[in-house]
Amino acid sequence: MTKVAPSILSADYLNLGRDILGLERNGADYIHFDVMDGSFVPNISFGIPVLKAVRTITKLPLDVHLMIREPLHLIERFMDSGADILTVHVESDTEENIFKTLQRIRDRGVHPAITLKPATPAEAIFPFLPLCDQVLVMTVEPGFGGQKFMNAMVPKIRAISEYIRAENLTCDLEVDGGINPQTAAICRENGANVLVSGSTYFRSDDPAAFIRALRGE
Ligand code: DX5
Ligand code: ZN
């Protein structure tokens, strides 16, 4: 079944609690939580104190997307603060440290996930997949909500989906950036089963129907 993970990057921060309870009511499967450090990506969002606060008002799984350099030093604190899925960028550290990071997340019983920027080839993440419960394919340049879906990422989604199947891995395939009912259909057809949506979800007049439309229901 397809899961939908609204990104609270586009929520109303003055009414964050209300928006989170709203997305629970609207049938969201996860809450996507975008962390940016102003160095790995050219923007700063929110971090550990906000994650802790969000944890107190929802039981929905928190899908934390770390857009930060050298996440190894900070993952414990994100796990202490309530992350259920913890995603790191393959470009954010050395290969050795990315292995260490994913292993440490797994050892804590949190779901490890790996992601890659649009310019990074699919093959870059293959060595890490046996350690991961989820892969995130970025379909925009990370750093900002509201960008256009990059059609050029579709072959990458398909290649990763085929690799997961060929290797018999149990790994969800998530997409993030420019997801609306049309691009969601393309992603689902190419193997994605977790869909992130930020600006379009929060702009929708009927967010519950929007979530169903992303799932293709
Ligand atoms: C971008 C973030 C996304 C973003 C998606 O760096 O990773 O999660 O919130 O936003 P939309 O759906 O507006 O493209
Ligand atoms: Zn994200």
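Here are some questions and answers about this predicted model.

Me: Happy to start with helix H1: which of its residues are buried?
Reply: H1 spans residues 16-25. Seen down the axis of H1, the buried residues fall within an arc of 160°, so they line one face of the helix. An α-helix has 3.6 residues a turn, so residues three or four places apart point the same way. The buried residues of H1 are Leu16, Asp19, Ile20, Gly22 and Leu23.

Me: What covers those buried residues of H1?
Reply: Both strands and helices take part in the cover. Among the strands are S1 (3-6) and S2 (31-36). The helices include H2 (48-57) and H7 (199-203).

Me: On to the metal: what is the geometry of the zinc ion (ligand 2) site?
Reply: The zinc ion (ligand 2) is coordinated by His32 through NE2, His65 through ND1, and Asp34 and Asp176 through OD, at 2.1 to 2.3 Å. Its six donor atoms make angles of 69 to 169°. Six donors count as octahedral if opposite ones are over 155 degrees apart and all others between 65 and 115. The site of this zinc ion is therefore classed as octahedral.

Me: How many residues apart in sequence are the parts that Asp34 and His65 tie together?
Reply: The spacing of the zinc donors in sequence reads H-x1-D-x30-H-x110-D. Asp34 lies in strand S2 and His65 in strand S3 (residues 62-67), so the pair ties together parts that are separated in sequence by 31 residues.

Me: Is Thr115 buried or exposed?
Reply: Thr115 sits in strand S5 (residues 111-116). Beyond its neighbours within four places in sequence, its contacts include the zinc donor His65, as well as Val88, Ile125, Leu136 and Met138. Its relative accessibility is 0%, so Thr115 counts as buried.

Me: What about Asp80, is that residue buried or exposed?
Reply: Asp80 belongs to helix H3 (residues 75-80). The cut-off for exposed is over 50% relative accessible area. With a relative accessibility of 54%, Asp80 therefore counts as exposed.

Me: Which side chain does the side chain of Asp80 make a polar contact with?
Reply: Ile48 is 32 residues from Asp80 in sequence, and their C-alpha atoms are 9.3 Å apart. The polar contact of the Asp80 side chain, at 3.0 Å, is made with another residue's side chain, that of Arg108.

Terms used. Residues are numbered from 1 along each chain as its sequence is written. Chains are lettered from A and ligands numbered from 1 in the order in which they are written. This is a predicted model: local features need pLDDT of at least 70, side-chain atom pairs count only at pLDDT 80 or more; totals for chains, interfaces and linings use all residues. Side-chain values use heavy atoms; hydrogens and water are left out. Buried means under 20% relative accessible area, exposed over 50%, partly exposed in between (1.4 Å probe, protein chains only). Helices (H or I, at least four residues) and strands (E, at least two) are DSSP runs, numbered from the N terminus. The arc is that of the directions from the helix axis to the C-beta atoms. Contact means heavy atoms within 4.5 Å. Donors are N, O and S atoms within 2.8 Å of the metal (3.2 Å for Na, K and Ca); water is not among the atoms, so sites may look incomplete. Four donors count as tetrahedral if all angles lie between 85 and 135 degrees; four count as square planar and six as octahedral if opposite donors are over 155 degrees apart and all others between 65 and 115; anything else is irregular. A polar contact is a pair of N or O atoms within 3.5 Å; within protein, one must be able to donate a hydrogen and the other to accept it, and residues adjacent in sequence count only if both atoms are side-chain atoms.
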